[in-house]
Amino acid sequence: SYEVKCEDISENLEYKNKMLKYVSHEFRTPLNSIMPIIETLKNKANTPEEVQNLKTVLNSAKMLQTLVADLLDQAQMQARKFKILIVPCKMKKLPEEVIDIMETQAIARKCKLRLQWDQKIPQRFYTDPNRLRQIVINLVSNALKFTSKGNVTIQATYVNSTICKIAVTDTGVGISKQSMKDLFREFGKLQ
């Protein structure tokens, strides 16, 4: 009957949310162990190349930590308890971390990652750093997919004391008008 199916769906959603929470917490424990070890190794590195490699590994671990947090956020959204966390952060550090994380992918694509930073942007800015980092990573990742040579640039521009505009530009082929309709579709893929 219809009522039984609704109960089954409700139980499935509840089970899915519990699993999201459980998996998220289980991933957090090893990540919280790995990150300090990477930091220690980075501080003891002997060459600039070792420092850079460990910095990339550390930032990638941070990205994984953000994805784990996203799983928890998904469960919180389902339970209608999701909140955006606005905190003061070192604004310039965010795009610099994105460049560190994405550098290996850029090198493989024969691209240069650049940062254009408006000096008017205050050192500390209020935002949700994890959400902002995730958005910029997604934009840079997509730009690299469609740029086989050239540049991908993160541009940060001061608008006013509460707004900083961040844009990602590239020298890639661009997006066809036909593909534009798929751009913001969930799990959509552009050709």
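The legends below describe close-up views of a predicted model.

**View 1. The open sheet of β2, β4 and β5.**
Three strands make up an open sheet of mixed pairing, arranged in the order β2-β4-β5. Strands β2 and β5 form the edges, each pairing on one side only. From one strand to the next, the twist averages 15°. Strands of a sheet pair through backbone hydrogen bonds, either parallel or antiparallel.

**View 2. The pairing of β4 with β5.**
Strands β4 and β5 run antiparallel and are joined by eight bridges. A hairpin connects β4 to β5 through two residues. Within β5, Ala167 is the bridge partner of Gln155, and Asp170 is the bridge partner of Val152.

**View 3. The surroundings of Val168.**
Val168 belongs to strand β5, which spans residues 163–170. When neighbours within four places in sequence are left aside, Val168 contacts Leu139, Val140, Ala143, Val152, Thr153 and Ile154.

**View 4. The nonpolar cores.**
The largest nonpolar core contains 23 residues, and those with the most contacts inside it are Met91, Val98, Met102, Leu113, Ile121, Val140 and Leu144. At least two residues of this core come from each of α3, β2 (111–117), α4 (129–145) and β4 (150–160). Not counting residues up to four places away in sequence, Val98 touches Arg133, Val136, Ile137, Val140 and Ile154. Another core, of seven residues, lies apart from the largest one and includes Leu31, Met35, Leu54 and Val68.

**View 5. The packing of α2 against α3.**
Helix α2 (residues 48–78) packs against helix α3 (residues 93–108) at an angle of about 105°, and their axes are 9 Å apart. The two helices, α2 and α3, are therefore roughly perpendicular to each other. On the α2 side, the contact is made by Gln52, Lys55, Thr56, Asn59, Ser60, Lys62 and Met63; α3 contributes Glu97, Asp100, Ile101, Glu103 and Thr104. By class, this contact of α2 with α3 comprises two nonpolar, five polar and five charged residues.

Definitions and conventions
Residues numbered from 1 in each chain as written. Predicted model: local features only at pLDDT ≥ 70, side-chain atom pairs only at ≥ 80, totals over all residues. Heavy atoms only, no water. Helix = DSSP H or I, 4+ residues; strand = E, 2+ residues; numbered from the N terminus. Contact = heavy atoms within 4.5 Å. Axes fitted to C-alpha atoms, helices over the stretch in contact; angles between N-to-C directions. Parallel < 35°, antiparallel > 145°, perpendicular 65-115°, else oblique. Nonpolar A, V, L, I, M, F, W, Y, C, P; charged D, E, K, R; others polar. Core = buried A, V, L, I, M, F, W, Y, C linked by side-chain atoms within 4.5 Å. Buried < 20%, exposed > 50% of the residue type's maximum accessible area, 1.4 Å probe, protein only. Pairing = 2+ DSSP bridges.
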